[in-house]
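This report describes the overall dimensions of a protein chain and the arrangement of one of its sheets.

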Amino acid sequence: FRGVRAFSTAPTEKIAMVGSGNFGSALTRILGANALRHPVFDDEVKMYVYEEMIDGKPLTQIINETNENVKYLKNAKFTPNVKAVPDISDAVAGATMVCFCLPHQFLKPLMPKIKESVAPGAKVLSAIKGIDFDDKGIVLISDLLRSGLNADCSVLMGANVANEMASDAFCETTIGYVDATNGELFRLAFDAPSFKVGTVQDTVGVELCGALKNIVAIGAGFCDGLGYGGNTKAAIIRIGLKEMVKFCKTFYDGIEDDTFLESCGVADLITTCFGGRNRKCAEAYAKYGKSKSLEEIEAELLGGQKLQGTLTAKEVNHILKMKGIEHEFPFFTTVYKISYEDTPLSAITETPY
């Protein structure tokens with residue numbers, strides 16, 4: 001059936017990925033394989049890579065020669081149709097489906113060039129875990145993409161620790177969509193035997209779960225660093241989930257309760273509190289008794305990756321302060337204060353929740 005494409009008159013969907021870190025690379029492996037599998041997609045998948053030198057060679061050159069991101073996702077091969085590109089305009093040129101997976105603080109400067117280069121009417125998907133804010137309150141990353149690119153935006157979040165995805169171990173994820181046709185196209189682009197995609201018509205709930213669970217993971221990491229066991233961590237996860245749901249309902253109408261039971265909700269929360277970079281760094285921060293800064297630990301442990309949970313805790317705290325409701329979210333507030341103020345680590349279990 002692969003030969004049919006040459007005679008088909010329907011234009012194919014052209015996929016691009018903006019981002020090539022740990023999770024971005026794991027997702028691009030799936031996109032590459034699926035682009036070859038489904039006739040609706042153009043074979044080539046371009047991946048924007050922020051260029052850096054590895055042992056005197058550009059990272060893009062290494063990826064294109066070895067089909068592997070040796071810095072951010074070792075020992076996991078891309079299909080040869082994945083092309084690493086250091087120029088953002090070239091990476092998204094003519095793309096009809098653009099996926100985003102990069103630390104959200106790097107997104108805004110890229111937007112003008114992306115808008116100029118993508119195909120007219122392109123649809124986008126965000127796998128970026130974080131939130132932004134302005135003087136009115138919360139700004140979701142999908143909202144930044146919608147307004148900046150004038151595009152429909154779906155969201156992908158789930159229990160997806162990238163290093164496990166690299167070995168094609170079975171996992172699930174959730175795509176939240178607004179437009180059902182676009183949601184189905186992105187489902188087709190990502191769904192694979194080892195990466196089961198569920199879909200819900202609730203982008204806000206899916207996206208907030210993906211951002212807020214990183215705050216809970218910081219709390220779970222503090223517990224690990226203090227030497228507490230499974231009972232304590234389970235309590236912290238439950239308390240954190242309760243505040244996640246409350247935060248979502250406080251700031252948005254129409255979030256479905258069922259969204260919290262999808263992969264993006266409780267499953268992502270669990271895996272992030274047991275694996276993942278946020279828990280790991282918070283554990284080290286607690287072990288050192290706050291004597292090392294989070295920035296030092298990030299540099300030491302993450303090999304160029306970024307810590308998102310503490311940044312999200314800061315952004316959420318800013319919004320809670322602005323609205324005068326810090327006291328209604330004692331757990332989120334405690335994680336913030338341990339991370340950025342003089343509050344002792346012991347507060348993680350001593351605060352009345």
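The text below goes from the whole chain to a single pair of strands.

The model is predicted. Its protein chain contains 15 helices and 14 strands. The radius of gyration is 20 Å, close to the 20 Å that the globule rule gives for 353 residues, so the chain is as compact as a globular protein of that length. Along the principal axes, the C-alpha atoms fill a box of roughly 65 × 50 × 35 Å.

Of its 353 residues, 57% count as buried, that is, under 20% relative accessible area. Among contacts with a separation of 6 or more, 72% are between residues 24 or more positions apart.

Eight of the strands form an open sheet with mixed pairing. Their order across the sheet is β7-β2-β1-β8-β9-β12-β13-β14. At the edges are β7 and β14, each of which pairs on one side only. Neighbouring strands in this sheet are turned by 25° against each other on average, with direction ignored.

Within the sheet, β12 and β13 run antiparallel and are joined by three bridges.

| β7 | 82–85 |
| β14 | 195–200 |

Conventions. Residues numbered from 1 in each chain as written. Predicted model: local features only at pLDDT ≥ 70, side-chain atom pairs only at ≥ 80, totals over all residues. Heavy atoms only, no water. Pairing = 2+ DSSP bridges. Helix = DSSP H or I, 4+ residues; strand = E, 2+ residues; numbered from the N terminus. Axes fitted to C-alpha atoms, helices over the stretch in contact; angles between N-to-C directions. Rg over C-alpha atoms; globule rule 2.2 N^0.38 Å. Buried < 20%, exposed > 50% of the residue type's maximum accessible area, 1.4 Å probe, protein only. Contact = heavy atoms within 4.5 Å.
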